[in-house]
Amino acid sequence: MSMSRKRTMSLKKKVVLSVVTGAMVTGGAIVTMATGNAAAPDVVCPGSTVTLSGEGGAPAASSGTFPVGTKLKVTNLDNGQSTTVAVNGPSGSCVLLNNAAFDKVREPGKNLIRRARIERVGGGDAPAGAAGAAGAAGAAGANGAAGAAGAAGVQVPPATGDVVCPGSTVTLSGEGGAPAASSGTFPVGTKLKVTNLDNGQSTTVAVNGPSGSCVLLNNAAFDKVREPGKNLIRRARIERVG
């Protein structure tokens, strides 16, 4: 066998071995090759914003899309920071982070991540109809909350518009400016009335941009309905009034 044929066979063996291990040596440089075995990240809820619930405890998330126990990785694309948390309850967003989780990915002074990547890294899909069931349960809870608030002496104003997004929570974007809202459900210009059923306070604002929630209030709007120290309204009534 000639020397050139031996070199050719030797090179072929090296290439085969390199492809099996996922890398090939070419001209002294290691070139990584996809083997087809690595699972691609399961990116979910594209375009969703991520907000702060204002709740304490160990890092955790709530979700209106995924069941309790699902693990979600949230990356703030503006600063590259990531955190992985388990869903521990329902909310009106794809993912809503509590204080400890949000602190791992926040930019100073901001309670909203507009450019986020959300990945499901553990747990399964939400069962068919889970979101609807959660919404129905939330609606029942909201109605019960209204009655309970009334019984407790809190004066809850009657609905004056089309009640929408039953069961949705309402959170704070941390953005300044005149009272306004952003929404992933309604177009710019829609007027929404938000009532905090826990204190009876209401505010009516116009949607001025998109978000990942039914309604996300800026600082000035949220201040009109907030309870001291809270950045989340769990029992809210949202009405479309214009």
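Helices (H or I, at least four residues) and strands (E, at least two) are DSSP runs, numbered from the N terminus. By that rule the chain has four helices and 18 strands. Before we go further, please keep in mind that this is a predicted model, in which local features need pLDDT of at least 70 and side-chain atom pairs count only at pLDDT 80 or more, while totals for chains, interfaces and linings use all residues. Residues are numbered from 1 along each chain as its sequence is written, and side-chain values use heavy atoms, with hydrogens and water left out.

Let's begin with the chain as a whole. Of its 242 residues, 37% count as buried, where buried means under 20% relative accessible area, exposed over 50%, and partly exposed in between (1.4 Å probe, protein chains only). The accessible surface comes to about 12300 Å², and carbon and sulfur atoms hold 57% of that; these areas come from the Shrake-Rupley method with a 1.4 Å probe, and for residues only the protein chains shown count as cover.

Now for the cysteines. How many disulfides does a search of the whole structure find? The search finds two, a disulfide being a pair of cysteine sulfur atoms within 2.5 Å.

One of them joins Cys 45 and Cys 94, with the sulfur atoms 2.0 Å apart. Cys 45 sits in the loop between β3 (42-44) and β4 (50-52), and Cys 94 in the loop between β7 (82-86) and β8 (96-97), so this bond ties together parts that are 49 residues apart in sequence. The torsion about the S-S bond of Cys 45 and Cys 94 is about 85°, so the disulfide is right-handed. Cys 45 is buried at 17% relative accessible area, and Cys 94 is buried too, at 6%.

Next, find Cys 165 and Cys 214, which form a disulfide with sulfur atoms 2.0 Å apart. Distant parts of the chain are linked here: Cys 165 belongs to the loop between β11 (162-164) and β12 (170-172), Cys 214 to the loop between β15 (202-206) and β16 (216-217), and the two are 49 residues apart. This disulfide is right-handed because the torsion about the S-S bond of Cys 165 and Cys 214 is about 85°. Cys 165 is buried, with a relative accessible area of 18%, and Cys 214 counts as buried at 5%.

To finish, number the bonded cysteines of the chain in sequence order, and the pairing reads 1-2, 3-4.
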